[in-house]
Amino acid sequence: MKNTRRGLWLTLLPMYLFTLVFVAGPLVYMVVLSFLQRDESWGVTANFTLQNYTQIFQPVYLQTFADSLGLALLSTALIVLVGYPFGYFMARLSARGKKRMMLALMIPFWTSSLIRLYGWIIIFRANGPLDQLLMGLHITSEPLRLLYTYPAVVVGMVYALVQFMIFAVYSSAEKMDWSLVEAARDLGASPFTAFCTVTLKMTLPGLLSGVILTFIPSMGLFFIADILGGNTVVLVGSLIEDQLVKAHNTPFAAALSVVLMLMTTAMIAFYRKVSDVKELEGLL
Amino acid sequence: MKKGRFRFSYLYMGLVLAIMYLPILLTVIYSFNESRISSVWGGFSLTWYRQLFRDEEMFHALWNSIVLAVCSCLLAAVLGTLGAFGMTRVKSRLNGPMEYLSTLPIMIPEIILGMVFLAFFGLLGLPFGMLTLILAHTAFCVPYIFMLVKARLVGMDPSLAEAARDLGAGEVRVFFDITLPLIAPAIASGMLLSFAMSFDDVIISIFVTGVNVNTLPIRVYTQLKTGVTPEINALCTLMLAGTVLLVALSVWIGREKKHAPKL
Amino acid sequence: MDQPVLQLQNITKQFDGTPVLRGIDLCVNAGEFITLLGASGCGKTTTLRIIAGLETPDTGKVLLGGEDVTSLAPNRRGVNTVFQNYALFPHMTVAANVGYGLRLQKKDKADIRTRVEKLLELVQLEGYGKRMPAELSGGQKQRVAIARALAVQPKVLLLDEPLGALDLQLRRQMQFELKRLQQQLGLTFIYITHDQEEALNMSSRIAVMRDGRFEQIGTPAEVYDHPRTAYVARFVGTANILRGTVKRSGPVTCIETPAGCACAAAQGTPPAAGSTASLAVRSEQVQFSTDLSADGMDGVIREKNFAGGMLRIVLELAGGQQLVASRHGIDLPAQPGQQVKITWQPDHAVLVQDEEAGA
């Protein structure tokens with residue numbers, strides 16, 4: 001009996017060790033770094049300071065946080081608008097229809113995000129297919145030059161993340177007992193009321209986890225802003241990258257990361273409290 | 001009334017799917033474009049594929065990406081599966097916090113992971129390159145496998161293992177005869193997912209890679225950022241073909257799982 | 001031969017500080033069919049798991065063939081279990097399931113094949129070897145589970161509510177078949193159920209469990225006709241229990257209740273006059289008459305309903321206590337509200353030990 005217990009502990013050990021060293025370790029180091037002073041050249045000096053955090057409150061950086069938050073909120077809202085009905089409709093398909101739709105969604109899902117992004121570069125490029133189409137239809141008279149604009153970044157974000165929302169909503173709508181909707185209708189609810197009182201409530205866990213799954217990454221996906229937005233859109237993600245790679249200001253990058261991480265973990269904690277679900281729904 | 005609504009839902013899903021596939025299809029089409037300027041169609045050509053196959057560095061990056069994805073998804077499979085197994089069997093106060101910690105890498109923005117790994121590996125004095133890439137990728141692959149396998153284990157009837165023990169199997173036999181075959185589909189889909197995530201990752205890789213080690217996504221990313229050559233179109237098309245293959249594989253695994261109890 | 005196959009000695013077990021077993025003693029002889037009967041949560045499954053080795057008792061000993069196996073792992077015991085939900089390995093064929101234990105014993109492949117075929121024949125599943133468990137019906141799964149446990153030739157077979165998931169008709173049929181198997185193989189069965197009918201039908205002995213203790217161990221006839229305690233009387237065959245003060249003590253003891261005098265046969269030493277005692281009488285033994293000049297206790301018919309092929313009549317005694325009487329047929333002339341006289345033959349009722357003090 002004792003031996004098997006020890007054996008079972010041994011199975012846990014590799015993951016525990018790995019997690020402690022390569023997940024907890026780096027995160028703790030990040031927190032420590034954020035309180036240290038930047039060295040003149042590359043490194044850091046072991047002087048405690050709060051300066052990195054006070055620096056965040058400079059208007060430039062606050063603006064970056066506000067912009068990131070704004071973009072993430074806008075993208076998430078659009079993703080909900082596009083993804084929720086899709087997931088909902090999908091759950092109402094026949095078993096075969098569901099399977100086929102899953103397959104149809106799988107290919108873009110598994111396709112490299114860079115490839116998919118690249119497709120949008122082609123579309124948005126001045127005199128690209130979109131411009132040609134719009135001008136051909138005489139909707140616009142000259143190229144829109146959408147590439148390297150804010151809307152292009154928003155489209156890229158929505159496009160990159162909408163599938164998480166679809167899967168999350170689908171997986172909770174699929175589990176739903178449709179006879180509840182019928183019961184509500186039977187009791188006199190209009191389709192709209194039935195949807196609001198029953199369907200929406202039942203699919204809320206999926207919707208919430210979809211929001212988490214899209215909102216959190218959207219705060220950090222700097223390469224979308226980089227590629228589709230050029231230098232027009234600066235996000236916290238890009239800021240961290242800049243501070244780290246170009247400015248070599250590791251402590252400040254760490255402080256930015258700590259704040260970003262606090263924001264996202266607070267969201268997850270909130271989600272767990274609200275939805276009472278441990279695993280994020282729809283994460284396959 | 002009902003029919004009308006259903007037609008609308010079809011139309012809606014069709015439209016969204018069309019938009020989803022549009023950029024992908026365009027990439028494929030333009031990869032066969034003779035013209036260097038993407039907005040002009042210069043006729044069908046395989047020029048860019050020829051150019052791509054002469055690009056040795058690209059092949060190098062591809063090889064790196066494959067090695068990286070295979071190593072990290074295998075490593076993660078071992079760590080995650082054993083961890084999930086142990087956690088369902090050993091009751092400990094550590095389980096909750098450890099579960100939270102080990103799934104944290106996919107719960108926080110990737111940029112943070114990239115930044116902390118860069119700083120931490122620097123602190124440890126590890127040489128940046130394949131080793132650091134594998135460590136970082138394993139860190140975000142473990143959660144996928146852990147979560148999928150654990151869900152499967154929790155849903156598993158505990159009396160199956162007890163029945164095997166009752167019939168004379170020791171703890172190790174039970175694991176290999178009963179538990180492992182039953183969680184194999186979860187491990188497989190977790191590995192597939194990890195592989196895809198690792199193969200696709202740009203953000204973390206950019207931070208932890210060394211000067212001489214390029215992965216395919218990094219190379220594509222830098223090319224996209226600087227000047228786009230149509231060669232990228234060709235590469236993207238080939239990667240897409242690989243993706244379709246992967247999806248087919250995953251469907252096949254899924255089918256296997258569904259049919260197994262019936263055959 | 002004289003050596004009991006299985007002995008439990010003063011077994012106790014707690015889960016998180018809650019006592020589940022409070023000192024279990026049991027002695028099982030070879031070839032017996034022992035049923036542990038009790039409501040859910042009485043500790044019967046825990047007892048079985050301790051015998052199987054899936055749990056370790058806090059105190060006490062498990063002896064198998066005279067050998068102490070208390071801390072032996074389940075795979076070294078010569079005791080096998082048929083699980084409640086069958087626990088068939090879903091990724092193995094029926095034949096692989098049945099042969100699993102034999103493969104672990106590293107038996108010869110051809111031997112395993114013939115043995116598996118024999119076992120499938122025994123449980124009437126010839127030709128099902130290549131199927132997967134998911135393709136079987138509940139009854140068939142049950143048979144596979146039994147065959148799998150029998151394959152390793154256990155000294156004792158443990159069955160944890162094996163028929164619980166089956167419908168009534170199939171359950172009756174399987175009861176019969178299990179009994180046949182047990183007799184044919186001369187095996188010792190330890191069987192768990194909460195269904196008293198099942199227990200009375202199949203067992204050579206029944207152990208009625210309550211709150212981690214055995215209330216009574218005896219043959220079905222003993223337990224049914226001479227319940228030792230009020231609980232046993234009520235649980236096995238749902239008897240009526242009446243309490244009162246002993247008026248006349250003797251082989252036939254009479255007790256005084258608010259509704260009049262009630263008599264029953266005493267078991268063992270009759271209680272002293274003046275003390276409190278309970279008697280149990282089964283519903284089919286309760287007679288009543290609308291002739292109010294007859295002898296008997298006073299009562300009123302409260303309700304009557306037809307259930308399970310019998311007419312159930314609820315009678316309320318003067319003083320408020322209720323009695324259930326049952327009759328064949330679907331109706332009787334007497335109506336609810338009617339005054340009746342209630343009697344039974346004294347030897348059709350027994351004195352039982354009271355419920356726990358205060359109950």
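Tutor: Start with one definition. Two residues are in contact if their C-beta atoms, placed from the backbone, lie within 7 Å. Keep it in mind throughout. Also remember that this is a predicted model.

Student: Now contacts between chains. How many residues of chain B are in contact with chain A?

Tutor: On the chain B side there are 71 residues, and they meet 72 residues of chain A. Several helices of chain B give two or more residues to this side, among them H3 (56-89), H6 (130-154) and H11 (231-259). Helix H1 of chain B gives the most, with 13 residues.

Student: What classes do the residues on that side of chain B divide into?

Tutor: Count 56 nonpolar, ten polar and five charged on the side of chain B that touches chain A.

Student: And how many residues do chain B and chain C each put into their contact?

Tutor: Chain B gives 19 residues and chain C gives 21. Helix H7 (158-166) and helix H8 of chain B each supply at least two residues on the chain B side. H7(B) gives the most there, with six residues. By class, the side of chain B that touches chain C has ten nonpolar, three polar and six charged residues.

Student: Let me turn to chain A. How many helices and strands does chain A have?

Tutor: Chain A has twelve helices and two strands. Read the order along the sequence too. The C-alpha trace of chain A spans about 75 × 70 × 35 Å along its principal axes.

Student: How do I read a pair of packed helices? At what angle do H5(A) and H10(A) cross?

Tutor: Look at the axes. Those of helix H5 (113-124) and helix H10 (222-229) of chain A come within 10 Å and cross at roughly 25°. Angles under 35 degrees count as roughly parallel, so H5(A) is roughly parallel to H10(A). The crossing of H5(A) and H10(A) is right-handed.

Student: Which residues make the contact of H5(A) and H10(A)?

Tutor: From H5(A), take A:Leu117, A:Trp120 and A:Ile121; from H10(A), take A:Ile224, A:Ile227 and A:Leu228. These divide into six nonpolar, no polar and no charged.

Student: At what angle do H7(A) and H10(A) pack?

Tutor: Helix H7 (150-175) of chain A packs on H10(A) at about 135°, with the axes 9 Å apart. H7(A) and H10(A) are therefore oblique to each other. Their crossing is right-handed. In the contact, residues of H7(A) including A:Tyr150, A:Gly156 and A:Ala160 meet A:Ile224, A:Ala225, A:Leu228 and A:Gly229 of H10(A). The classes here are eight nonpolar, two polar and no charged.

Student: On to sheets. In what order do the strands of the open sheet in chain C lie?

Tutor: A general idea comes before the case. In a regular strand, side chains alternate between the two faces of the sheet. Now the case. Five strands of chain C lie in the order E15-E19-E16-E17-E18, with antiparallel pairing.

Student: Which strands stand at the edges?

Tutor: E15 (287-289) and E18 (322-327) of chain C do. Each has a single partner strand, so one side of each is left without a neighbour in the sheet. Neighbouring strands are turned by 45° against each other on average, direction ignored.

Student: How many bridges join E17(C) and E18(C)?

Tutor: Six bridges, in the antiparallel sense; E17(C) covers residues 310-317. Find C:Ile313 and look across: C:Ala325 of E18(C) stands opposite.

Student: Which residue takes a positive phi in the hairpin of E4(C) and E5(C)?

Tutor: C:Gly65 does, with phi near 55°, and the hairpin has two residues between its strands. E4(C) and E5(C) (67-68) run antiparallel, joined by two bridges. C:Leu64 stands opposite C:Glu67 in E5(C). E4 (59-64) also pairs with E1 (6-15) of chain C, antiparallel over five bridges. There, C:Leu6 stands opposite C:Leu64.

Key:
Residues numbered from 1 in each chain as written. Chains lettered and ligands numbered in written order. Predicted model: local features only at pLDDT ≥ 70, side-chain atom pairs only at ≥ 80, totals over all residues. Pairing = 2+ DSSP bridges. Helix = DSSP H or I, 4+ residues; strand = E, 2+ residues; numbered from the N terminus. Axes fitted to C-alpha atoms, helices over the stretch in contact; angles between N-to-C directions. Parallel < 35°, antiparallel > 145°, perpendicular 65-115°, else oblique. Left-handed = near helix turned anticlockwise from the far one by under 90°. Nonpolar A, V, L, I, M, F, W, Y, C, P; charged D, E, K, R; others polar.
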